[in-house]
Amino acid sequence: EELWELHNFVDEFGDSTQNKYMTTHYSIDGVFSNPTTTNSELSARLMIVDSSNISISLYEYDYSRVKSFSKKRYTVKMKLDDGSIITDDGFIYEGGDRIYIGERGVAETKLHRALKTNQEVKILIKEENSLSSYRIDISNTSGYSHAYDSLIEKVLYDNDEELWELHNFVDEFGDSTQ
(Lines give C-alpha, C1' and ligand atoms only; values in the text may rest on other atoms or scores of the structure.)
Protein backbone atom coordinates (compact mmCIF):
# COMPACT_ATOMS: atom_id res chain seq x y z
CA GLU A 1 0.00 0.00 0.00
CA GLU A 2 1.26 3.46 -0.94
CA LEU A 3 2.07 5.69 2.00
CA TRP A 4 1.81 9.01 0.12
CA GLU A 5 -1.23 10.67 -1.40
CA LEU A 6 -2.14 14.01 -2.94
CA HIS A 7 -4.96 16.26 -1.74
CA ASN A 8 -6.38 19.60 -2.82
CA PHE A 9 -6.39 22.57 -0.48
CA VAL A 10 -9.85 23.94 0.21
CA ASP A 11 -10.90 27.58 0.24
CA GLU A 12 -12.75 29.37 3.05
CA PHE A 13 -16.04 27.91 1.79
CA GLY A 14 -14.74 24.35 2.01
CA ASP A 15 -14.53 24.00 -1.76
CA SER A 16 -11.61 22.24 -3.39
CA THR A 17 -8.98 24.46 -5.05
CA GLN A 18 -6.41 23.67 -7.76
CA ASN A 19 -3.57 23.90 -5.21
CA LYS A 20 -2.33 20.53 -4.05
CA TYR A 21 -0.30 19.17 -1.19
CA MET A 22 1.07 15.76 -0.37
CA THR A 23 0.51 13.88 2.87
CA THR A 24 0.67 10.38 4.25
CA HIS A 25 -2.17 7.96 3.64
CA TYR A 26 -2.47 7.38 7.38
CA SER A 27 -1.08 8.93 10.55
CA ILE A 28 2.50 8.12 11.48
CA ASP A 29 2.92 6.66 14.95
CA GLY A 30 5.43 7.97 17.43
CA VAL A 31 6.05 8.89 21.05
CA PHE A 32 6.39 12.13 22.98
CA SER A 33 7.86 13.10 26.32
CA ASN A 34 7.61 16.19 28.51
CA PRO A 35 7.99 16.94 32.24
CA THR A 36 4.76 15.08 33.07
CA THR A 37 4.96 12.02 30.78
CA THR A 38 7.49 9.77 29.05
CA ASN A 39 7.08 7.89 25.75
CA SER A 40 3.35 8.58 25.48
CA GLU A 41 1.32 7.93 22.35
CA LEU A 42 1.84 10.37 19.48
CA SER A 43 0.57 10.52 15.94
CA ALA A 44 1.75 12.83 13.19
CA ARG A 45 0.75 14.00 9.71
CA LEU A 46 3.15 15.52 7.21
CA MET A 47 2.14 18.20 4.74
CA ILE A 48 4.40 18.73 1.74
CA VAL A 49 3.51 21.75 -0.39
CA ASP A 50 6.86 21.74 -2.19
CA SER A 51 10.49 20.89 -1.45
CA SER A 52 10.93 24.09 0.59
CA ASN A 53 7.61 23.92 2.47
CA ILE A 54 7.21 20.82 4.65
CA SER A 55 5.41 20.80 7.96
CA ILE A 56 4.32 18.26 10.55
CA SER A 57 1.18 18.25 12.69
CA LEU A 58 1.64 16.42 15.98
CA TYR A 59 -1.15 14.91 18.07
CA GLU A 60 -0.36 14.02 21.67
CA TYR A 61 -2.32 10.94 22.79
CA ASP A 62 -3.47 10.78 19.12
CA TYR A 63 -6.04 13.58 19.56
CA SER A 64 -4.58 16.67 21.25
CA ARG A 65 -2.96 18.78 18.51
CA VAL A 66 0.27 20.55 19.43
CA LYS A 67 -0.33 24.30 19.07
CA SER A 68 1.38 27.49 20.16
CA PHE A 69 0.28 31.00 20.95
CA SER A 70 3.77 32.36 20.38
CA LYS A 71 6.54 31.47 17.93
CA LYS A 72 8.50 28.45 19.12
CA ARG A 73 11.78 27.02 17.88
CA TYR A 74 12.65 23.34 17.65
CA THR A 75 15.74 21.33 16.88
CA VAL A 76 14.92 18.62 14.35
CA LYS A 77 17.21 15.59 14.00
CA MET A 78 16.73 13.02 11.27
CA LYS A 79 18.45 9.63 11.32
CA LEU A 80 18.69 7.51 8.18
CA ASP A 81 19.16 3.74 7.78
CA ASP A 82 22.83 4.24 7.05
CA GLY A 83 23.31 5.82 10.50
CA SER A 84 23.80 9.36 9.24
CA ILE A 85 22.17 12.11 11.29
CA ILE A 86 20.94 15.37 9.78
CA THR A 87 20.04 18.36 11.96
CA ASP A 88 17.73 21.22 11.00
CA ASP A 89 15.53 23.88 12.57
CA GLY A 90 11.80 23.76 13.13
CA PHE A 91 9.27 26.48 13.92
CA ILE A 92 5.67 26.86 14.97
CA TYR A 93 4.52 30.33 14.08
CA GLU A 94 2.38 32.47 16.37
CA GLY A 95 -1.09 30.95 16.73
CA GLY A 96 0.03 27.97 14.66
CA ASP A 97 -0.50 24.21 14.90
CA ARG A 98 2.15 22.92 12.48
CA ILE A 99 5.91 22.64 12.87
CA TYR A 100 7.63 23.87 9.73
CA ILE A 101 10.89 22.01 9.13
CA GLY A 102 13.90 23.81 7.64
CA GLU A 103 15.00 27.37 7.26
CA ARG A 104 12.86 29.62 5.12
CA GLY A 105 14.01 30.36 1.61
CA VAL A 106 16.00 27.18 0.91
CA ALA A 107 15.01 25.41 -2.30
CA GLU A 108 15.13 21.94 -0.75
CA THR A 109 14.77 21.30 2.96
CA LYS A 110 16.95 18.66 4.55
CA LEU A 111 13.81 16.66 5.39
CA HIS A 112 12.77 16.63 1.73
CA ARG A 113 16.21 15.32 0.76
CA ALA A 114 16.03 12.67 3.51
CA LEU A 115 12.60 11.49 2.33
CA LYS A 116 13.94 11.13 -1.23
CA THR A 117 16.62 8.62 -0.13
CA ASN A 118 14.20 5.63 0.00
CA GLN A 119 15.50 4.89 3.49
CA GLU A 120 13.71 4.76 6.82
CA VAL A 121 13.75 8.24 8.35
CA LYS A 122 13.54 8.60 12.12
CA ILE A 123 12.67 12.13 13.22
CA LEU A 124 13.31 13.62 16.65
CA ILE A 125 11.85 17.07 17.34
CA LYS A 126 12.97 18.85 20.53
CA GLU A 127 11.40 22.09 21.66
CA GLU A 128 14.02 24.71 22.49
CA ASN A 129 14.29 25.71 26.17
CA SER A 130 11.84 22.97 27.09
CA LEU A 131 11.84 19.28 28.00
CA SER A 132 9.23 18.46 25.35
CA SER A 133 10.31 16.10 22.57
CA TYR A 134 8.54 14.18 19.80
CA ARG A 135 9.78 11.16 17.86
CA ILE A 136 8.28 9.59 14.75
CA ASP A 137 9.57 6.94 12.34
CA ILE A 138 8.75 7.01 8.65
CA SER A 139 9.60 3.44 7.80
CA ASN A 140 8.71 3.53 4.12
CA THR A 141 9.80 6.47 1.99
CA SER A 142 9.96 4.45 -1.24
CA GLY A 143 6.98 6.12 -2.97
CA TYR A 144 7.91 9.65 -1.90
CA SER A 145 9.83 10.73 -5.01
CA HIS A 146 7.15 9.44 -7.40
CA ALA A 147 4.33 11.11 -5.47
CA TYR A 148 6.36 14.31 -5.17
CA ASP A 149 6.99 14.39 -8.93
CA SER A 150 3.24 14.07 -9.45
CA LEU A 151 2.64 16.94 -7.03
CA ILE A 152 5.12 19.26 -8.74
CA GLU A 153 4.36 18.25 -12.33
CA LYS A 154 0.64 18.51 -11.57
CA VAL A 155 0.12 15.14 -13.27
CA LEU A 156 -2.59 12.94 -11.88
CA TYR A 157 -1.21 10.52 -9.37
CA ASP A 158 -2.39 6.93 -9.45
CA ASN A 159 -0.92 4.09 -7.42
CA ASP A 160 -1.19 1.43 -10.12
CA GLU A 161 -0.28 3.07 -13.38
CA GLU A 162 -0.03 6.50 -14.87
CA LEU A 163 -3.28 6.99 -16.74
CA TRP A 164 -2.77 10.66 -17.57
CA GLU A 165 0.03 12.59 -19.16
CA LEU A 166 0.62 16.21 -20.00
CA HIS A 167 1.01 17.48 -23.56
CA ASN A 168 1.67 20.95 -24.89
CA PHE A 169 -0.68 22.58 -27.37
CA VAL A 170 0.90 23.38 -30.71
CA ASP A 171 0.54 26.66 -32.57
CA GLU A 172 -0.52 27.08 -36.20
CA PHE A 173 3.06 26.26 -37.27
CA GLY A 174 3.05 22.96 -35.38
CA ASP A 175 5.46 24.28 -32.74
CA SER A 176 4.98 23.41 -29.09
CA THR A 177 3.54 26.18 -26.88
CA GLN A 178 3.67 26.74 -23.13
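Here a residue is called buried under 20% relative accessible area, exposed over 50%, and partly exposed in between (1.4 Å probe, protein chains only). The model is a predicted one, so to speak of local features takes a pLDDT of at least 70 and to count side-chain atom pairs takes a pLDDT of 80 or more, while totals for chains, interfaces and linings use all residues. Residues are numbered from 1 along each chain as its sequence is written, and side-chain values rest on heavy atoms, with hydrogens and water left out.

On to the overall layout. The protein has 2 helices and 11 strands, taken as DSSP runs numbered from the N terminus (helices H or I, at least four residues; strands E, at least two). Along the sequence they come in the order β-β-β-β-β-β-β-β-β-α-β-β-α. Of the 178 residues, 39% are buried. Among contacts (heavy atoms within 4.5 Å) with a separation of 6 or more, 47% are between residues 24 or more positions apart. The accessible surface (Shrake-Rupley method, 1.4 Å probe; for residues, only the protein chains shown count as cover) is about 10900 Å², and carbon and sulfur atoms hold 46% of that.

Helix α2 spans residues 144–153, and its buried residues are Tyr144, Ala147, Tyr148, Ser150 and Leu151. They line one face of the helix, because they fall within an arc of 155 degrees when seen down the axis of α2; the arc is that of the directions from the helix axis to the C-beta atoms. What these residues pack against is β1 (4–10), β2 (16–24), β4 (37–50), β5 (53–60) and α1 (110–115).

Then there are the charged pairs. The whole structure has 5 salt bridges, each a side-chain nitrogen of Lys or Arg within 4 Å of a carboxyl oxygen of Asp or Glu. One of them joins Asp97 and Arg65, at 3.5 Å from N to O. Asp97 sits in the loop between β8 (85–92) and β9 (99–101) and Arg65 in strand β6 (residues 64–65), 32 residues apart. Arg65 is partly exposed at 27% relative accessibility, and Asp97 is partly exposed at 26%.

Another pairs Glu127 with Lys72, their closest N and O atoms 3.6 Å apart. Glu127 is buried at 14% relative accessibility, whereas Lys72 is partly exposed at 26%.

Glu128 and Arg73 form a salt bridge too, with the closest N and O atoms 3.4 Å apart. Glu128 lies in the loop between β10 and β11 (133–138) and Arg73 in strand β7, so the pair ties together parts 55 residues apart in sequence. Arg73, Asp89 and Glu128 are linked in a salt-bridge network.
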